[in-house]
Amino acid sequence: MTQEGEEGTKSLVTGENPSEACGTIRQDVGEKEDKVQPALEMVALNDCNKLKHIKSLPQNSLDSHSSAVRRQGMLLITDCSKAKPPLEGKEKLDVVIVCVTSIFALPSIEALQRQEGHKVNVKDLYNQTVDALEVMLGALLSEKPNPAELQNFLDHLAPWMTSEKAHERARAVSTSVCLYKQQPRVLSSMSHEFPRLRLLIGRLALHVGDPEKEIGHQAMECLYFLYSLMWCQKEPERKMGSVTAVLHQMPKEILGIYEPTRTCENISEIVKRFGQFLSPDQMADLLLTAVESLKEANESTIEASKTILNVILEKYKQKIQMEVPKIVDRIHSQLRAIHHSHARQVVMMALCLLARAFMEEVSTALLKCPLPLDRDAAGMCRTLAKTEAICHSHRLLDVLLKELQERPSTSEDRAFIIPLAAASALCEVLSVSMCTRTVTRFYPRLLMALLVQVYYTIGLGLPDSRVSRKELIPACCVVKTVKTLLLKMGCHYEFTSVEKEGGWELLTSSEEHHRGVGLLARAMVHYSCCQLWRILYLLVPFLERGDKQHKLTVRAFFVELLHMPQAKRLPEKYSLLHLLKGLTDPDPVIRALCVKGLITMADWPGKEIKVLVPAMINSLCGVDGRLVVEALADVKKILRGLDVASYVGCITSPLRLLFDDERMSVRSAAISLFGKMVKKVKKSQGLMKEEDVLDSLIPLLLHLQEGNPDMAENPLTSVKLHAGGGICPHGTTCALGGLMHDPEASICIFAAQARERVLAVYWKLKYGLVEQHKVNSDSAEKHKSPPNPPATESTSSRLFNALNLWKLAAKH
């Protein structure tokens, strides 16, 4: 290397005037002034030519020629930076990227020297080339001296600072230090304008722990400089000129001397001291810088990151409270790229520390992760659960329960899926064995909240943008959590029973949801679930709360719990009076459930449920057919011990309304109950009111032939035809009188025939000529001679009159 070259290199290192340094390098490559000026003008006309030669150079060797080409090109770019207009935007960044890559990508100096042998001094050539690069970067930065521009330059050096190759990291750190020292005026305003100040501190602090001592030493020197700048900013009376005076004294006393064997202590002190200058968002960014560094981490980087995270979360945790949602979101997004097991442990450790201070904020932010929860989000949920178990706290379940009690919205707001996310998160929490004791405390409330949430999510559609899989079914997702909760609480028999009966499918059906809830409750009662009494007393105040889904689910569970012995101790206003009020509820399912509950209470001591049977049957109007059938089947239980003299008539009246129900199953159930009642009257030697018997006979006899397949065609006329044709010879004259005016001629004829028979039977029944031992008439009537039977018309007269009536009806 020439003497002039050595002086040029020295001038660059000592920070002398860049122009003088450039002139020195020009002499080194043998350029004459008369040749430089034409070349400068030509390069200024075509910016692309500046990079072509540099790009074409090999990146696996460094000789005198390639070194000279690189230096010449960068020096020409440096001179062009003074031209107007200066380089801007992408053009400038392209120059930086090409030149940095051309030098940093070279093998280590030792490898280059072995390759070249003793022909050239590779170290000197490399140093001269790097000097030219740093001069060029300084000149380009001076075109637009502001923190944002400096940040752009540093961003292009960042990938090299995290390289696995030590020589590449060393080159990037060294060049970064040079940029910091060249721009004190730019850095003086960085606390107010610098986009990512945490990058400077975080990257350099991480490199203090680099296994290469030279890299650690350079990073520490740069931090001294940064601390001096920030300290001067904090003291407005100080001027930037004082930075030089304190650069090698005050920072070293505060930050400490770099110790290669005690880098964690160095890093800890750096974070503590710089923390006082950072805003909350800058502190959060510093924390996230440590997390991001774990993506491609070695053991030294992992330990450095761990130290940074520990200091922030122990000393400055209150400062980042408002930044928790951002931190949790970034941790989740970074976890998928962190594969090293030790590095993942460090991230989870940081999450635990954050959650111990701000569990509500952390868990709420976690619920905003996309659904279904991926492996990383699920792992974060389990980590929070372990944290709570260790702290003997229940804050996490408080948050999850609160969200589970909310109804999902159908708006475009992302919050509408948070209840569903809470159910998914709870499923992960339940998988942590350490949480059993805490879950037991929340079990009744969690179970009921989940069952209501199942009803809420039935048929709920989630936009594709909200979930990662289209096949995610919200209701099934919540049912999965219900299953997990039952198994967590040891309800294996209950789980199996519901499984066999298809209860899980019932839960996810809007029409059958209450049946699924009832099936689960019955199974829990049958197997004497240890927590059932807690659920019972939890439901009592919930009966009057919430919307339709909440009320129906709670009642479906509640009426099954009335079979428990503890239920008999409930105050009357929470049992009998509440169910009686429910008989008038607008929702027919709730009315049917209340009927079922009242029937269960029929055997309770001191509860006169029998007097409520008429109201119960009346409430079944408009109720789902299957519910009516079930309710009427249960009403038969109340007939035991029924005072027929007082209540039979009241029961037959509402039952008659169900005889003509359009649903066959309802009609059948009503007729069956009526038959049971009649048998009871017969056995008790009681007496039914005459009008009750007669008014019930006609609709009963009309349905005798419903099982005939021929009834499928024109069913109304066929039923009337059978009634008038003698199938119902004991109908009342009033009802048959109506049939005699029917538009169908044959019906009118048969109705006329039946009317005569009805009158004859009625006369015999009235005067005790038929089964007198069952007629409870007074003794005077028994010994009184019956009058003559009513006169009957001839067959021809009856048919003639019937046809006349039919003609009259046809005219109208």
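Here is a tour of this model, stop by stop.

**Before you start.** This is a predicted model, in which local features need pLDDT of at least 70 and side-chain atom pairs count only at pLDDT 80 or more, while totals for chains, interfaces and linings use all residues. Residues are numbered from 1 along each chain as its sequence is written, and side-chain values use heavy atoms, with hydrogens and water left out.

**Select everything.** Colour by pLDDT, the predictor's confidence in each residue, from 0 to 100. The mean is 77, and 68% of the residues reach 70 or more. Switch to cartoon: the protein has 44 helices and zero strands, counted as DSSP runs numbered from the N terminus (helices H or I, at least four residues; strands E, at least two). Of the 812 residues, 50% are buried, where buried means under 20% relative accessible area, exposed over 50% and partly exposed in between (1.4 Å probe, protein chains only).

**Select 707–713.** Here pLDDT stays under 50, and the model has five contacts beyond four places in sequence for these residues; a contact means heavy atoms within 4.5 Å. Move on to 715–731, where pLDDT is also below 50 and the model shows 37 contacts beyond near neighbours in sequence. Where pLDDT is low, the predicted coordinates should not be read in detail.

**Select 89–104 and 147–161.** These are α6 and α9, packed at an angle of about 30° with their axes 11 Å apart. Axes are lines fitted to C-alpha atoms, for helices over the stretch in contact, and angles run from 0 to 180 degrees between N-to-C directions. The angle makes α6 roughly parallel to α9, a label for angles under 35 degrees. Show side chains at the contact: α6 brings residues including Leu93, Val96 and Phe104, and α9 brings residues including Phe153, Leu157 and Trp160.

**Select Leu371 and Pro372.** Which kind of peptide bond joins Leu371 to Pro372? The bond is cis, with omega near -10°. Pro372 sits in the loop between α22 (359–366) and α23 (375–391). Most residues other than glycine have a negative phi, and most peptide bonds are trans.

His392 has a positive phi of about 55° although it is not a glycine, and its loop runs between α23 and α24 (395–404). His392 is exposed, at 69% relative accessible area. Ser528, also not a glycine, has a positive phi of about 55°. Find Ser528 in the loop between α30 (513–526) and α31 (532–542); at 58% relative accessibility, Ser528 is exposed.

Technical notes: Parallel < 35°, antiparallel > 145°, perpendicular 65-115°, else oblique.
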